[in-house]
Amino acid sequence: MPTLTAAPELYSDIQTLIIQTKQQTAVAVNSALTMMYWQIGQRINQELLKGERAEYGKQIVANLARQLTQSFGKGWSARNIAYMMQLNEQFPEQQILHSLCAKLSWSHFRLLISLKEPLAREFYAQMCVTQTWSVRTLNERIDSMLFERTALSKKPAETIKLELQQLAEHKQVSANLILKDPYVLDFLGLNDHYLEKDLEDAILRELEQFLLELGAGFSFIARQKRIQLDGDDFYIDLLFYNRQLKRLVAIDLKLGKFKPHYKGQMELYLRWLDKHERQAGEQAPLGIILCAQKNQEQIELLEMDDAGIHVAEYLAVLPKREILHQRLQEAINSAKNRYNPTLLDSSTPECSQSGLDSKK
């Protein structure tokens, strides 16, 4: 007798149902495990409050780890229990943690709790959710010091909290979350002597990597975008569109230090784009001037942010991580000091060291 097979449509429907159920089950199990770890950490932290000596806590955790390992096997080492205690300490609000558990795995949380700075931790957590980062991607973003390089990290703490709240509640991505300084372009493989055209050529050759460095939502539109005004030709080095910001992004490449007249040049580009290329529903175009070195005082006096222009340095060669860390910390300190000089020493966060030590 011939073998009977199920109708393709029937098989496809059942296959889809099985896959969806397995995925939903995995998410539910992961969420339940993370919440269990949080509750364990909470219970241990409450117990340790009764102790008067640091050694008391070490003994409690060591004994508990030994007992749990005997009963349940691997996964209950003193180190893992310490992670559970950190989870409870760094995510004290159970409701917020519960909302993150549906999207993030325990491996995500292991990376997040290694971050010392609360705002950086919240930034990475929310970006993981909205951008659906894998554990590997999260690790790479932390390792590249993404938060410290965003425009957001240079803002006052209240501004950072507000924008992260908007991201969490409305999935609203702002330019401050996407724009960076500096941009790390070491993957271009440039030598010590190159022209602007060489930089542009290298970016186009490594466009995929450049888009990743720019951030989420960018798509390439044009190179040397031609603009005609009063019979004169002008050219935008690189033109992109960002889906999340819903705006055109013009990039001007400069080899040396920032110069004041760059502002007028970029403003001309942005106004032309706003008049001739901006479509219904889009935000006003944004400009990025990438230069080898910034002059911060000039940039502040020119009020570049108010003109929709972001000035950033690019690094053709990645410096040692401790040097980059120091540079970023100095930039954050300088920015915080401009907003409120009295808060510099007491409230400026340290750049997260997670991801740095492992690369040394």
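Colleague: Where does Asp186 lie?

Modeller: Asp186 lies in the loop between strand E1 (183-184) and helix H11 (196-205). Helices (H or I, at least four residues) and strands (E, at least two) are DSSP runs, numbered from the N terminus. This is a predicted model, so local features need pLDDT of at least 70, side-chain atom pairs count only at pLDDT 80 or more, and totals for chains, interfaces and linings use all residues. Residues are numbered from 1 along each chain as its sequence is written, and side-chain values use heavy atoms, with hydrogens and water left out.

Colleague: What does Asp186 touch?

Modeller: Not counting residues up to four places away in sequence, Asp186 touches Leu315, Ala316, Val317 and Leu318. Contact means heavy atoms within 4.5 Å.

Colleague: Why does Asp186 count as partly exposed?

Modeller: Because its relative accessibility is 35%. Buried means under 20% relative accessible area, exposed over 50%, and partly exposed in between (1.4 Å probe, protein chains only).

Colleague: On phi, which non-glycine residues have a positive value of about 50°?

Modeller: Thr132 is one of them, and Glu303 is another. Thr132 is in the loop between helix H6 (118-131) and helix H7 (135-143). Glu303 is in the loop between H14 and strand E6 (309-315).

Colleague: Thr132: buried or exposed?

Modeller: Exposed, because its relative accessible area is 66%.

Colleague: Let's do Asn295. What does its side chain reach?

Modeller: The backbone oxygen of Phe258, at 2.7 Å. A polar contact is a pair of N or O atoms within 3.5 Å; within protein, one must be able to donate a hydrogen and the other to accept it, and residues adjacent in sequence count only if both atoms are side-chain atoms. Leaving aside neighbours within four places in sequence, Asn295 is in contact with Lys257 and Phe258. Asn295 sits in the loop between strand E5 (286-291) and helix H14 (296-301). At 17% relative accessibility, Asn295 counts as buried.

Colleague: Switching topic. How many disulfides turn up in the whole structure?

Modeller: Zero, taking a disulfide as a pair of cysteine sulfur atoms within 2.5 Å. For Cys128, the nearest cysteine sulfur is that of Cys101, 13 Å away. Cys128 is buried, with a relative accessible area of 2%. Cys291 also counts as buried, at 0%.

Colleague: What is Thr34 in contact with?

Modeller: Setting aside neighbours within four places in sequence, Thr34 contacts Leu87, Cys101, Trp106 and Phe109. Thr34 is in helix H1. Its relative accessibility is 0%, so Thr34 counts as buried.

Colleague: How many salt bridges are there?

Modeller: The count comes to 14. A salt bridge is a side-chain nitrogen of Lys or Arg within 4 Å of a carboxyl oxygen of Asp or Glu.

Colleague: Which residue does Glu213 pair with?

Modeller: Arg149, with the closest N and O atoms 2.6 Å apart. The pair links distant parts of the chain: Glu213 is in helix H12 (residues 207-214) and Arg149 in helix H8 (residues 146-149), 64 residues apart. Glu213 and Arg149 are both buried.

Colleague: Which residues are linked in a network of salt bridges?

Modeller: Lys197, Glu200, Asp201 and Arg223. Lys197 meets Asp201 at 2.9 Å, N to O. Both lie in helix H11, four residues apart, about one turn of the helix. Glu200 meets Arg223 at 2.5 Å, N to O. That pair links distant parts of the chain, Glu200 in helix H11 and Arg223 in strand E2 (residues 218-229), 23 residues apart.
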